[in-house]
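Have the model open while you read.

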Amino acid sequence: MSRSNEGMVQGSKTDGPPSGADAGRGRAGTSGEAGSDFLQLDIGRVPAGGRTEWLAGRLRAAIADGTLPAGSRLPASRVLAAELQVSRGLVTEAYQRLAETGQVSGRGRAGTVVVAVPSRAEPPAQPPAGGARATDAGAGPVDALRARPCRIDLSPGVPDLAAFPRTAWLRAERQVLADLTPADFGYGNPQGAPALREAVAGWLARNRGIRADPGEVVIVAGVAQALALLSQVLRETGVRRLAVEDPGSLGARQQLEYGQLEPVPVPVDGAGLDVAALRASGARAVLLTPAHQFPTGVVLDGDRRRDLLGWAADGGLVIEDDYDAEHRYDRAPVPALRALLPEAVCYAGSVSKLLAPALRLGWLLVPARHRDAVLAAKRYADLGNPVLAQLVLARLMDSGELERHLRFLRRRHRRRRDAMLRALHDRLPGARVHGAAAGLHLTVTFDGDAFEDTALASAALELGVKCHPLSWHRFRPGPPGLILGYASGPVAEIEEGIAVLAAALRRIRP
């Protein structure tokens, strides 16, 4: 037993009931309100002989379900005893029972801290039979995979989190805080802080060729919230079906399904979305990634762009997810569709791939006919994003710091992409590589092979490497494949990860 835990045991032996008035309440246990705000504990109806076990059980349950995660500090025994109107010895005895099972530890003046959480069964890494769909109860295989531990993470969509510009962010945050008045800490504009809307308008003009007034910009909690707001607005206008790329993002598809829209698959080939198939689908709106199609990496070519804009001009609505267009290496920038037909294109972007998903900061531009409805939906969703982070991001954009960070990332990502290409060539010579010119991931396919790509991804996970099977992001069947992110880890990890994939492929090939 540790020295700190011995202190807890000694306390439980020597601590008596409170003296004076507190002692009277502790002995009676029924006068006043015998409860605590901590875990909403109400001990008043618990029989006197079972109170210690009851309290220990409530604490165990809170640790098990995550209400008290590792690192949480329990109330001081004296404080909790006073709130529950019981003896301090009862509380310290309950704490001691958890210490004996290794769930908490006495840390002297730091108090009693949760140190271990009971292990839980890992979620499955493969999608359920019949395809992955969004449900009220769970978010699907991508979120389950994200929660799995691994040695090397080659999941797509994971940026280089180690490159987050902490120094620049802190410097900008100090500057913002120095300039704020007390009134600035009140409720902000649900549409977004004016400073950030102006900075985003400038960023889009410089980097994506989009001319937008700051009044057209809506600040959102990432592209996911943009899709949620648009789903609500479109549903209210009578839209029930929305065309999506096939293959296309499973996460985006689930977001639409959760928003009660039916995704209608439209094929993608080497020129991008098949606009003729879009017309034939009868859908009135389409979600697509034209600058760097997810997951194939193709660019919507000139003829398809013109055809798509013609479809939109005839009454269709385009939702343009510009999720990683800034990350390009071997090609010229591709103009955003929003720059060509703003009255028919909803444009969504974020800093999730540029800075960090944890910021939950993005932007949405919508045609004038939908703007009021989107603003109302945003207002009632959350009253607007946190203002302080918006102002810091605006400072980074206005100062040129974000452009400098982007240039740094491009150099770093290019080295990692090149390392992955070399490793694939050496270790998986039969794989076809797609989408290498831009983005944060590669897609590889194994033409002519008969194995299941979910089996390959599962075998790789057993060996400590995460990646996405291509079939997760498909409606229709196709050759097995993997989607491999290269942005988040160093070159050595990428090389080792591809070597592990080669070993996993040898395991499962017939």
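H7 passes H14 in a right-handed crossing (right-handed if the near helix is turned clockwise from the far one by less than a right angle, left-handed if anticlockwise). Helices (H or I, at least four residues) and strands (E, at least two) are DSSP runs, numbered from the N terminus. This is a predicted model, where local features need pLDDT of at least 70, side-chain atom pairs count only at pLDDT 80 or more, and totals for chains, interfaces and linings use all residues. Residues are numbered from 1 along each chain as its sequence is written, and side-chain values use heavy atoms, with hydrogens and water left out.

Two packed helices are described by the angle between their axes and the distance between the axes. Axes are lines fitted to C-alpha atoms, for helices over the stretch in contact, and angles run from 0 to 180 degrees between N-to-C directions. Here is how two of the pairs come out:

| Helix pair | Angle | Axis distance |
|---|---|---|
| H7 (166-179) and H14 (387-399) | about 115 degrees | 9 Å |
| H14 and H15 (401-427) | about 75 degrees | 4 Å |

That makes H7 roughly perpendicular to H14, and H14 is therefore roughly perpendicular to H15 as well. For the labels, angles under 35 degrees count as roughly parallel, over 145 as roughly antiparallel, 65 to 115 as roughly perpendicular and the rest as oblique.

Who touches whom? On the H7 side of the contact with H14 (heavy atoms within 4.5 Å) you'll find, among others, Trp169, Val176 and Leu177, and they meet a set in H14 that includes Leu388, Val392 and Leu396. Sorted by class, this contact has 11 nonpolar, 1 polar and 3 charged residues. Ala, Val, Leu, Ile, Met, Phe, Trp, Tyr, Cys and Pro count as nonpolar, Asp, Glu, Lys and Arg as charged, and the others, Gly among them, as polar.

Further along, Leu393, Leu396, Met397 and Ser399 of H14 meet Glu401, Leu402, Glu403 and Arg404 of H15. That contact splits into 4 nonpolar, 1 polar and 3 charged residues.

Now for H4 (77-84) and H5 (88-100): their axes come within 8 Å and cross at roughly 120 degrees. H4 and H5 are therefore oblique to each other, and their crossing is right-handed.

Next, the largest pocket, with about 1300 Å³ of space. On a 1 Å grid over the protein atoms alone, a pocket is an open set of points where a 1.4 Å probe fits, with protein on both sides within 12 Å along at least five of seven lines, and lining residues have an atom within 4 Å of a point. The volume is the space filled by probe spheres set on the points. Of the 46 lining residues, Arg146, Ser249, Gly251, Ala252 and Lys353 are the closest to the centre. Which helix gives the largest share of the lining? H10 does, with 6 residues. By class, the lining has 20 nonpolar, 16 polar and 10 charged residues.

Finally, two cis peptide bonds. Asp246 to Pro247 has omega near 5 degrees, and Pro247 lies in the loop between E7 and H10. Phe294 to Pro295 is cis too, with omega near 10 degrees, and Pro295 is in the loop between E10 (285-288) and H12 (302-313).
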